[in-house]
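Trainee: I would like to learn how to read a structure that is new to me. Could you take me through it feature by feature?

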Amino acid sequence: MENMAEEELLSLEEEEEEEEEEEKVVAQDSARVPAPASAPAPAPPLAQAPALSPSLASAPDEAESKRHISIQRQLADLEKLASVTEGDFDSASSLNSDNPDAENKQACPLCPKERFRSCNSHKLRRHLQNLHWKVSVEFEGYRMCICHLSCRPVKPNIIGEQISSKMGAHYHCIICSATIARRTDMLGHVRRHVNKGETKSKYIAASAAKPPNEILKEADTDVQVCPNYSVPQKTDSYFNPKMKLNRQLIFCTLAALAGERKPLECLDAFGATGIMGLQWAKHLGNAVKVTINDLNENSVTLIQENCHLNKLKVVVDSKEEEESEDILEGEEKLGNVEVTKMDANVLMHLRSFDFIHLDPFGTSVNYLDSAFRNIRNLGIVSVTSTDISSLYAKAQHVARRHYGCNIVRTEYYKELAARIVVAAVARAAARCNKGIEVLFAVALEHFVLVVVRVLRGPTSADETAKKIQYLIHCQWCEERIFQKDGNMVEENPYRQLPCNCHGSMPGKTAIELGPLWSSSLFNTGFLKRMLFESFRHGLDDIQTLIKTLIFESECTPQSQFSIHVPSNLSKQEECVFIKTTDDTPTDNYITQGKRKGGETITNLAKKQKTDVSTEHPPFYYNIHRHSIKGMNMPKLKKFLCYLSQAGFRVSRTHFDPMGVRTDAPLTQFKSILLKYSTPTYTGGQAEGHVQSPPEDPVADKVEMAGNDKADTSSCRRW
């Protein structure tokens, strides 16, 4: 649009030069009248200072401030500005004083004299319409026309020995009076005002009263939220109700850690509304010392208000804030919360913590180095990543840029995303001479949550770095396997894959993904303690998820577990009984208050070496992905029993509701699926929807009763 405007200006200037040449020819035949010596010097351009519209300045709703002249309702209003008197614009007469025909010519009110000279009214109307009005931005009946005055200075461009002093074209925002150069940027600027609810201009009328904050309640914690709180682009303090599961998982993690040692110094690095840190302080009491940080001033103010709303004392810069006016006399304060306004990286460099939670908007890789710099020994770092478009292989170039990882969309893409984040966390810990042990990793629709325990020392860092490997993935059958350890180049990497797709299919069939975390994603003992804390604090929403994580960590069907909470115990004596096939210790890391212990780390390393065989198998298979065309596959619960009867470890997974985690090779997985699938009855139709057979056919009953009677008794419905 700006190029069209420039061409229009050039054409108008050429016409004016032709008219001047004609006037000069006529002037040669007539007597020349010398200009008086006292002629005033030409005045500066029309709007060296921001001009004001006289027609709008008299409006009653603009008593406090007046709109710029480039903001008008109609094109006729711009034409009126070109014919104002000298009293309205001081520089209007100076523009026409050097022209003997100034009475018939008018100057553009939005262009300086050097850019557009005075011309006749019909040329001025065409200039205003083509250059200013057509490229304007509309907002609530007003047009923000492009302005070429010197309101927005532009740095001169040095071209050889000449200096180009081109004026910068710009728009004046009707809402905040900002000057913006491009039309597309102006449209986005106005759109952001509308998204934030700032639709009333301070030029049009006095600003309306700010809408009151809403008060929401979650886990017995009240929190004020701003209007449009669930949309990040519309509010400063973002609050997502869909992340409730994430907050409860982190709370149970901190509660389980508080059982090991007290008090814990905890950090919520990105507080927003402060809901997570408030839940820690309110429910765990003196067991934790909570610090809530945010860089936004509005968020810090909102966090302090939410602390007073929940009867928590606010500590700012290690000094208690006196708020006797807000809290009634005689009310007890439940705890102290320190609120800081600082960059998260700076804060984590300056102070040490036992528990750090990172939940930035998007990726968290920019904060991992700072988090592991001062984290205490056997402390916990939890990382929530919401950049699911890159982690779930929708934006593969972004994943390569942020995580240095090659990724494609697979059937197990959610577990792949979790292992990518764990690998990034492990590399950041190893750079600080620290190792990690993954307590659990969860990948759901809106986020990827990874919780790790920090093990200090170069030995632990070396052991952690060895667990980061590349993955070989077959694109035909989706078989996968981690590459073997070693630095030697293998002659044929396809030999590592269990499948034979490379020999039967033409071309290259496999790709290399990673680097990824190749070890276990779950710690069964810690998850059982989390389940106990969920029962203790009444968090019913996540109990099913934690049970699934426990079953998945052991890779055992749920029918072989019995989870039971006695109802006759008090809250202090309440406990959870979990019977498993293995005698897995429920607590490997209780150090009885010791934050530094070489024996604990040594025993941990030995325990990890002895428990390698008990780790859950990596990745899972989707039963729908490998179903046979023209066959009705069995129900998922029955199929798990069939795999277990065949001697394989099997369990469901939280990553995929139709996923099966098993140590069975893909060929065995498909053969068992084919064995227990039934043909589809077409009913005389070659294609289209077909009716499926009954859910439990008689043939299956006979086969199950005759061959696997003893085994099926253990695979009850669950």
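The dialogue below goes from confidence to a helix, the cores and the salt bridges.

Mentor: Please keep in mind from the start that this is a predicted model, in which local features need pLDDT of at least 70 and side-chain atom pairs count only at pLDDT 80 or more, while totals for chains, interfaces and linings use all residues. Residues are numbered from 1 along each chain as its sequence is written, and side-chain values use heavy atoms, with hydrogens and water left out.

Trainee: What is the mean pLDDT of the chain, and over which residues does pLDDT stay under 50?

Mentor: The term pLDDT stands for the predictor's confidence in each residue, from 0 to 100. Here the chain has a mean of 75, with 67% of its residues reaching 70 or more. Residues 85–101 stay under 50, and the model has 23 contacts (heavy atoms within 4.5 Å) for them beyond four places in sequence; residues 158–165 also stay under 50, with 7 such contacts. Where pLDDT is low, the predicted coordinates should not be read in detail.

Trainee: How many residues does helix α7 have, and why is it described as largely enclosed?

Mentor: Helices (H or I, at least four residues) and strands (E, at least two) are DSSP runs numbered from the N terminus. Helix α7 covers residues 244–258, which makes 15 residues, and its first and last C-alpha atoms are 21 Å apart, close to the 21 Å expected at 1.5 Å a residue, where the expected span is 1.5 Å times one less than the number of residues. Because 13 of its 15 residues are buried, α7 is largely enclosed by the rest of the structure; buried means under 20% relative accessible area, exposed over 50%, and partly exposed in between, with a 1.4 Å probe and protein chains only.

Trainee: Which residues touch the most other members of the largest nonpolar core?

Mentor: A nonpolar core is a set of buried Ala, Val, Leu, Ile, Met, Phe, Trp, Tyr and Cys residues joined through side-chain atoms within 4.5 Å. The largest one holds 103 residues, and those touching the most other members are W280, L358, F372, I436, F440, V448 and M530. Helix α14 (residues 413–431) gives the most to this core, with 12 residues. Beyond its neighbours within four places in sequence, M530 is in contact with L249, C252, T253, A256, F440 and I546. Another core, of 24 residues, lies apart from the largest one and has Y621, F639, V650 and Y676 among its members.

Trainee: How many salt bridges are there, and which residue meets R247 in one?

Mentor: A salt bridge is a side-chain nitrogen of Lys or Arg within 4 Å of a carboxyl oxygen of Asp or Glu, and by this rule the count is 18. The partner of R247 is E218, at 2.7 Å from N to O; R247 belongs to helix α7 and E218 to strand β8 (residues 214–218), so that the pair links distant parts of the chain, 29 residues apart. R247 is buried at 6% relative accessible area, and E218 is buried at 8%.

Trainee: Which parts does the salt bridge of E260 and R529 tie together?

Mentor: E260 and R529 meet at 2.8 Å, N to O. E260 lies in the loop between α7 and β10 (264–268) and R529 in helix α17 (residues 524–536), so the pair ties together parts that are 269 residues apart in sequence. Both E260 and R529 are buried.
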